[in-house]
Amino acid sequence: LLPSTKYKEWHNDASQQLDQQKIQPIEKVEEIVATFYAPDRRKFDLSNKFESVADLLVDCGILEDDNYTILHNIRLVFGGVDKVKAGVDIVIY
């Protein structure tokens, strides 16, 4: 499957934002918490959304990989509907 245009745009934009933050590669991850905020009440899969985020972190060199040896403790949280703050907050411990 080929990524959609919307996904490519999101990936490019998010990559630029991460590059600007100058985040160093993270070698050891105790836990990663991803809190997703939706722009509306449409249902979605948290796990699918996280897969895109995990791939982005790998593509940007923040994580070496997103397999179970690196990310063995993942918490996915639905933060509610927030039209202003729609997106995801990532905390890596």
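1. Helix 2 lies across strand 1, strand 2 and strand 3, and runs at about 120 degrees to strand 1. Here, contact means heavy atoms within 4.5 Å. Axes are lines fitted to C-alpha atoms, for helices over the stretch in contact, and angles run from 0 to 180 degrees between N-to-C directions. The helices (H or I, at least four residues) and strands (E, at least two) are DSSP runs, numbered from the N terminus.

2. A word on what you are looking at. This is a predicted model, in which local features need pLDDT of at least 70 and side-chain atom pairs count only at pLDDT 80 or more, while totals for chains, interfaces and linings use all residues. Residues are numbered from 1 along each chain as its sequence is written, and side-chain values use heavy atoms, with hydrogens and water left out.

3. Three strands form an open sheet in the order 2-1-3, with mixed pairing; two strands pair if DSSP finds at least two bridges between them. Strand 2 (74-81) and strand 3 (87-92) are at the edges with a single partner strand each, so one side of each has no neighbour in the sheet. On average, neighbouring strands of this sheet are turned by 15 degrees against each other, direction ignored. As background, strands of a sheet pair through backbone hydrogen bonds, either parallel or antiparallel.

4. How many bridges join strand 1 to strand 2? There are seven, and strand 1 (residues 32-38) runs parallel to strand 2. You can follow this pairing on the model: isoleucine 32 stands opposite isoleucine 74 in strand 2, and alanine 38 stands opposite valine 81 in strand 2.

5. Is strand 1 mostly covered or uncovered? Strand 1 is mostly covered, as seven of its seven residues are buried. Buried means under 20% relative accessible area, exposed over 50%, and partly exposed in between (1.4 Å probe, protein chains only). Ile32, Ala34, Phe36 and Ala38 point one way from strand 1, Val33, Thr35 and Tyr37 point the other way, and all are buried.

6. Next, the two helices. The axes of helix 1 (residues 5-21) and helix 2 (residues 46-59) come within 10 Å and cross at roughly 50 degrees. Helix 1 and helix 2 are therefore oblique to each other: angles under 35 degrees count as roughly parallel, over 145 as roughly antiparallel, 65 to 115 as roughly perpendicular and the rest as oblique. Helix 1 contributes Tyr7, Trp10, His11, Ala14, Ser15 and Leu18 to the contact, and helix 2 contributes Ser52, Val53, Asp55, Leu56, Leu57 and Asp59. By class, this contact has seven nonpolar, three polar and two charged residues. For these classes, Ala, Val, Leu, Ile, Met, Phe, Trp, Tyr, Cys and Pro count as nonpolar, Asp, Glu, Lys and Arg as charged, and the others, Gly among them, as polar.

7. Two residues of helix 1 are worth a look. Histidine 11 lies in helix 1 and is buried, with a relative accessible area of 15%. Leaving out residues up to four places away in sequence, histidine 11 touches Leu56 and Asp59. Asparagine 12, also placed in helix 1, is partly exposed, with a relative accessible area of 49%. Asparagine 12 and leucine 56 are 44 residues apart in sequence and 9.3 Å apart in space, C-alpha to C-alpha.

8. Finally, a loop residue to check. Lysine 22 sits in the loop between helix 1 and strand 1, and counts as exposed at 65% relative accessibility. Most residues other than glycine have a negative phi. Lysine 22 has a positive phi of about 55 degrees although it is not a glycine. The C-alpha atoms of lysine 22 and isoleucine 62, 40 residues apart along the chain, are separated by 9.7 Å.
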